[in-house]
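We will go stop by stop, with something to pick at each one.

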Amino acid sequence: MRTHLIRCQNWFAAYTRSFFTGGDALDLPLRVKIEHTAAVQANMAQLAGALNWPPEDRLLAELAGLLHDVGRFPQYSKYHTFRDSISENHARLGLREIGRHRVLHGMPTGARRELSFAIAHHNAFNLPAHPDRRRTLLGCMLRDADKLDIWRVFKTYYCDGRRLNATVDLDLADTPGYTPAALESLRQGRMVRLADVHNRNDFKLLQIAWIYDLNLAPAFDLMRQQGHLEALARTLPLDPVLRRVVKNTLGYAVSRAAGPAVPQFATAVTGSAFRAQ
Ligand SMILES: [Fe+2]
């Protein structure tokens, strides 16, 4: 697997380079995605290590991180956006590119299937139930590793004033206050609906609600170690009701970090399916 990982890393570097135009502003989102890919790969290595996966499986986990957002590059090049709803599903687009370039060529069939499953569903609303536990576990891990780094990206954007691009938070206004329906979703441990997101504070609540879609105890642990989400939460208004709900949500993450490393995979994998455990 080590040889495959090195070969894929070389392919990824050359493939992504081919989308650069030479224009700084136009290429910046691509640089952000390359940085995101490296961070997700690193998160995967940490999560697989925390679960004591054997070395070959840790490399497979890294490969999933490396290849999960391949579709972002042709997506941005063709549509100049990262919004799937107005372009294409970037997971499917990525798998098409991976197939077209024979990136997984020579790998064992089982590994190829596990990787394809994880990549295909990394951005889906739910991870569908699958009888193969390894596939489900890799899929869960990738979704967790991805979220952990999206929190980092938004933290650099909101807290460190990093320039990304205008569409990064859907061009939302930086107005005071928040939408009560967004906070209510968070209070109930549900994802915040995009229809309830009207300003940056609502978007931050949406990001915080992702906690309920995190799966593995080591991911909750890593979330706390990295501290990006807590930093993001500190930029929210000093409204006592809002602060209490956010505090409870962060408290939930603390309890999950101390819980079973891997949740039971009984049904489709969603945050709410695991909440009772
Ligand atoms: Fe993605």
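A word on the helix names before we start: helices are DSSP runs of H or I with at least four residues, numbered from the N terminus. Please also keep in mind that this is a predicted model.

**Stop 1: two loop residues**

Begin with R102, which sits in the loop between α5 (90-100) and α6 (109-121). Its phi is positive, about 50 degrees, although R102 is not a glycine. Most residues other than glycine have a negative phi.

Now select N52, in the loop between α2 (24-50) and α3 (55-67). N52 is another non-glycine residue with a positive phi, near 60 degrees. N52 is exposed, with 9 other C-beta atoms within 10 Å.

**Stop 2**

Show α5 and α6 together. Two packed helices are described by the angle between their axes and the distance between the axes. For α5 and α6 the angle is about 150 degrees, and the axes are 7 Å apart. To see the contact, select A91, R92, G94 and L95 on α5, then S116, I119 and A120 on α6. Sorted by class, this contact has four nonpolar, two polar and one charged residues.

**Stop 2: domains and core**

Zoom out and colour by domain: the domain assignment gives domain 1 (2-135) and domain 2 (169-275). Taken over C-alpha atoms, their centres are 25 Å apart.

Which residues touch the most other members of the largest nonpolar core? Select M44, A64, L67 and M141, out of the 60 residues in that core. Helix α7 (residues 133-158) gives the most to this core, with ten residues. Each of the two domains, domain 1 (2-135) and domain 2 (169-275), supplies at least three residues to the core. In soluble globular proteins, nonpolar side chains tend to be buried together.

Stay on L67 for a moment. Leaving aside its neighbours within four places in sequence, L67 is in contact with C8, I98, V103, L115 and I119. I119 also belongs to the α5 and α6 contact from the previous stop.

**Stop 3: helix α8**

Move to α8 (residues 180-187) and pick A182 within that helix. A182 is buried, because 26 other C-beta atoms lie within 10 Å, and 20 or more is the cut-off for buried. Not counting residues up to four places away in sequence, A182 touches V192, D196, V197, D202, L205 and L206. For a distance check, draw a line from A182 to D149: they are 33 residues apart in sequence and 22 Å apart in space, C-alpha to C-alpha.

After α8 comes G189, with a positive phi near 75 degrees.

**Stop 4: helix α10**

Finish at α10 (residues 217-226), where the buried residues are A217, P218, A219, F220 and M223. What do they pack against? Show α2, α7, α11 (228-233) and α12 to see their partners. α10 is followed by G227, whose phi is positive, near 70 degrees.

Methods. Residues are numbered from 1 along each chain as its sequence is written. This is a predicted model: local features need pLDDT of at least 70, side-chain atom pairs count only at pLDDT 80 or more; totals for chains, interfaces and linings use all residues. A residue is buried if 20 or more other C-beta atoms lie within 10 Å of its own, exposed if 12 or fewer, and partly exposed in between; C-beta atoms are placed from the backbone. Domain bounds come from an automatic or database domain assignment. A nonpolar core is a set of buried Ala, Val, Leu, Ile, Met, Phe, Trp, Tyr and Cys residues joined through C-beta atoms within 7 Å. Two residues are in contact if their C-beta atoms, placed from the backbone, lie within 7 Å. Axes are lines fitted to C-alpha atoms, for helices over the stretch in contact, and angles run from 0 to 180 degrees between N-to-C directions. Ala, Val, Leu, Ile, Met, Phe, Trp, Tyr, Cys and Pro count as nonpolar, Asp, Glu, Lys and Arg as charged, and the others, Gly among them, as polar.
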